[in-house]
Structures are given as structure tokens and as C-alpha cells.
Amino acid sequence: MLESPSGHPVPHSTPDHVKNWFVRRLQAEDEPATGEGGVARIGATADPAALGVRMLPTVSSPAPHKGLRIARAEIRGSLTVTDPETLVTALSNGLGHARAYSCGLILTR
């Protein structure tokens with residue numbers, strides 16, 4: 001796992017951790033849009049075993065947020081829509097805490 005300049009671990013820095021993070025956001029049919037612990041779901045489900053994760057280069061922020069590091073990953077797979085309204089919200093707003101840094105975007109084809 002990566003460490004920040006202060007020695008703290010950088011979350012989501014391994015493929016397994018990223019996949020587990022994403023799987024918590026999957027939404028089976030008839031499940032609410034907000035999961036346990038307030039986790040925002042994406043309005044779709046997938047087979048976790050069929051999801052592929054590729055780690056991307058870490059992004060570091062210049063001043064005034066010097067020391068901020070964002071671990072990035074690309075997740076590929078097929079989704080089945082279970083809640084169209086929630087999916088539109090996820091597509092519009094993105095996922096996760098790094099949305100302001102152009103992370104957490106969902107691309108569909």
C-alpha cells in the first residue's frame with residue numbers, strides 16, 4: 001500500500017481494495033440507493049468476479065494542498081441497471097471523495 005508523505009497509508013492503492021470499494025456501491029434490485037454506513041450506490045449490479053481493475057498513476061496535488069495524494073484506478077466490467085434514477089445520479093455526479101479531482105467518473109458504452 002502506498003504511504004503519504006506523513007507516513008499514513010493511501011487508501012484504495014491495491015486492485016483488491018479498489019474492487020471491494022466498488023462492490024460496496026453495487027445495488028441489487030429492490031435495494032435502497034444508500035447502503036450500510038451511508039454508502040451511495042450506483043443503481044446497477046455486476047458479477048464481482050468479472051470486474052477488472054487496473055491501477056493508474058497516483059496524482060499529487062501542488063500547493064496549497066501539498067502532500068495530497070490520490071490513488072486512481074480503472075474498473076472495467078458489465079453492469080446491469082437495477083435503479084435507473086440512481087444510475088443517472090451516479091453518472092451525473094460521479095463516485096467517491098476525489099470527484100473534485102476528476103476521479104470517480106463513470107463511462108458507459
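Arg41 and Glu31 join their side chains in a salt bridge, 3.2 Å from N to O (a salt bridge being a side-chain nitrogen of Lys or Arg within 4 Å of a carboxyl oxygen of Asp or Glu). The pair links distant parts of the chain, 10 residues apart, with Arg41 and Glu31 each in the loop between α1 (15–23) and β1 (44–45). Keep in mind that this is a predicted model, where local features need pLDDT of at least 70, side-chain atom pairs count only at pLDDT 80 or more, and totals for chains, interfaces and linings use all residues. Residues are numbered from 1 along each chain as its sequence is written, and side-chain values use heavy atoms, with hydrogens and water left out.

**Salt bridges**

- The structure has 3 salt bridges.
- Arg41 is buried, at 16% relative accessible area, while Glu31 is partly exposed at 34% (buried is under 20%, exposed over 50%, partly exposed in between, using a 1.4 Å probe and protein chains only).
- Arg54 pairs up with Glu74 in a salt bridge, the closest N and O atoms being 3.4 Å apart.
- Arg54 sits in strand β2 (residues 52–60) and Glu74 in strand β3 (residues 69–76), so this pair ties together parts that are 20 residues apart in sequence. Helices (H or I, at least four residues) and strands (E, at least two) are DSSP runs, numbered from the N terminus.
- Both ends are partly exposed: Arg54 has a relative accessible area of 46% and Glu74 has 24%.
- Glu74 also has a salt bridge with Arg76, with 2.9 Å between the closest N and O atoms, and Arg54, Glu74 and Arg76 are linked in a network.

**Helix α2**

- In α2 (residues 84–93), the buried residues are Thr86, Leu87 and Ala90.
- They cover an arc of only 100° around the axis, which puts them on the same side of α2; the arc is that of the directions from the helix axis to the C-beta atoms.
- Pro84, Glu85 and Ser92 are exposed on the other side of α2.
- The buried residues of α2 pack against β4 (80–81), with contact meaning heavy atoms within 4.5 Å.

**Nonpolar core**

- The largest nonpolar core has 8 residues: Phe22, Leu26, Ile42, Ala44, Ala46, Leu51, Ala90 and Leu95. Such a core is a set of buried Ala, Val, Leu, Ile, Met, Phe, Trp, Tyr and Cys residues joined through side-chain atoms within 4.5 Å.
- Leaving out residues up to four places away in sequence, Ala44 touches Leu26, Gln27, Leu79, Thr80, Val81 and Thr82.
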